[in-house]
Amino acid sequence: MTQSALHQILDYANRPNPYPIYEELRKTPVFHEDDGPYVISTYYEIRSLLHDPRISSDARNLTSTTGGGPAEPPQEESALPPGFLKLDPPEHDRLRRMTNRPFGPPHSPHRVDGMREELHDIVSGLIDGIGDTGRIDLVEQFSYPFPVTVICRLLGVPREDEARFHTWADTLAASLDPDPDADPAGRGKEAHDARMELGMYLAGLIEERRKNPGEDMLSQLATAKGGDGPMSTMELLSTAALLLIAGHETTVNLITNGMLTLLRRPDVLQRLREDPKLAVPLVEELLRFEPPVQLLPQRTTLADIEVRGVTIPKGASLWLVLASGNRDPQRFENPDRFDPDRRDIQHLGLGSGIHSCFGAPLARLEAQTALSELARRMENPRLLEDPPPYRQNAVLRGPRHLPIACDGIRP
Ligand code: HEM
């Protein structure tokens, strides 16, 4: 790989198809240039590091001068402490356990499954709204409003406030991107301001939920009295912000990437139309083939660690390129082939280890519902632009718009 490997990953020109760069990168499974991060691109190495307790998600452990980390203000200057995504055990485990109480088994086994009908209704309403215009932008009219509505309902955020946090969410998602060329102070400040405003907004909402608790997750987190005790107000704020952002920018891309992949393969689209159950394996294959989270750029080594004969020093920054691991031929047969019948499919699209995606059951159900209904109801859908225009982000990668023509909407 050449000197400019990291720039190639971040280069917007490569957004429509970053996979040839990853293929090149895998020839050097532990890639390091000058003061840059250590970039890990092969499946088994990524997976093993994600399970290694000597790897930290807490940016405060970064001691080397390596560039390329995401734009983050130092914690003491930040408006909110980091969410549990960026914490290590034991704090991570305690907060994740507490957040899971109102969300999943064993305490809330029906929360996600109980949303099945509601998800279906939201999807139906959005598809009805497409009408017979003959031309739609799937992102604006469907992929974005759907998961935003869902996460708002789950948390108890009034839908009419969505516009207010849209801009904050975009700024925070952009700040996840490492950018060796950008002025870190400038980008850090934008992220800081966005976090501050989002924090103030959520503080008001939590106050309100404490007084008038409902069935939503925010109310339950704000009034929880489980074995771990209540969350502090700051913990509650950063957890709510994490859920809001994590449930916002990722599912949008999974649905859009999914529709793009299907429109490029009309035979698979036809199969899904005839057999909606295909959505389950199809979404797994999508998470492997076009993962919305392409890389994790914020891990740090807590000790010297040897990987494939290279010693990564303590305090170094790691980039784990999940999307490259998902296409590693050492792990997957014919990795560049989209195959919804693939059975051996333990992909890295939702991460792995203690930080693996908290919202995975919801993300899966949302994507399955969305894609099977779009396939069933859109009459003869066709791509109007291939490749479509992409968002700037390299980490959370997906089309900004997906213009589609169709001959109508079936009932
Ligand atoms: C298709 C949609 C989604 C994708 C591809 C995705 C992907 C991921 C990935 C790769 C991670 C691991 C991050 C790491 O190891 O540093 C993660 C963590 C996380 N995700 Fe998701 N996610 C999605 C949807 C959601 C939704 C809907 C929610 C909220 C309801 C959510 C909440 C979280 C949280 C809270 C974490 C942090 C977990 C931890 O640190 O223990 N995600 N997600």
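A nonpolar core is taken here as a set of buried Ala, Val, Leu, Ile, Met, Phe, Trp, Tyr and Cys residues joined through C-beta atoms within 7 Å, where buried means that 20 or more other C-beta atoms, placed from the backbone, lie within 10 Å of a residue's own. The structure is a predicted model, in which local features need pLDDT of at least 70 and side-chain atom pairs count only at pLDDT 80 or more, while totals for chains, interfaces and linings use all residues. Residues are numbered from 1 along each chain as its sequence is written.

The chain holds 15 helices and twelve strands, which are DSSP runs numbered from the N terminus (helices H or I, at least four residues; strands E, at least two). Its radius of gyration, taken over C-alpha atoms, is 21 Å, close to the 22 Å that the globule rule gives for 411 residues, so the chain is as compact as a globular protein of that length; the rule is 2.2 Å times the number of residues to the power 0.38. The C-alpha atoms fill a box of roughly 60 × 55 × 40 Å along the principal axes. Of the 411 residues, 46% count as buried.

The largest nonpolar core has 105 residues, and those with the most contacts inside it are Ile40, Ala241, Met259, Leu320, Val321, Leu322 and Leu371. Helix α11 supplies the largest share of this core, 16 residues. In soluble globular proteins, nonpolar side chains tend to be buried together. Beyond its neighbours within four places in sequence, Ile40 is in contact (C-beta atoms, placed from the backbone, within 7 Å) with residues including Pro29, Leu49, Val307, Trp319 and Leu320.

Turning to the ligand, 24 residues surround it, and the closest are Ala246, Gly351, His355, Cys357 and Gly359; a residue is near if its C-beta atom, placed from the backbone, lies within 6 Å. The elements giving two or more residues to this shell are α11 (233-263) and α15 (360-377). Helix α11 gives the most, with seven residues. By class, the shell has 14 nonpolar, nine polar and one charged residues.

Finally, three strands form an open antiparallel sheet in the order β4-β11-β10, with pairing requiring at least two DSSP bridges. Strands β4 (135-137) and β10 (382-383) stand at the edges with a single partner strand each, so one side of each is left without a neighbour in the sheet. Between β4 and β11 (residues 403-405) there are three bridges in the antiparallel sense, and Asp137 stands opposite Pro403 in β11.

Key: Nonpolar A, V, L, I, M, F, W, Y, C, P; charged D, E, K, R; others polar. Buried ≥ 20, exposed ≤ 12 C-beta atoms within 10 Å, placed from the backbone. Contact = placed C-beta atoms within 7 Å.
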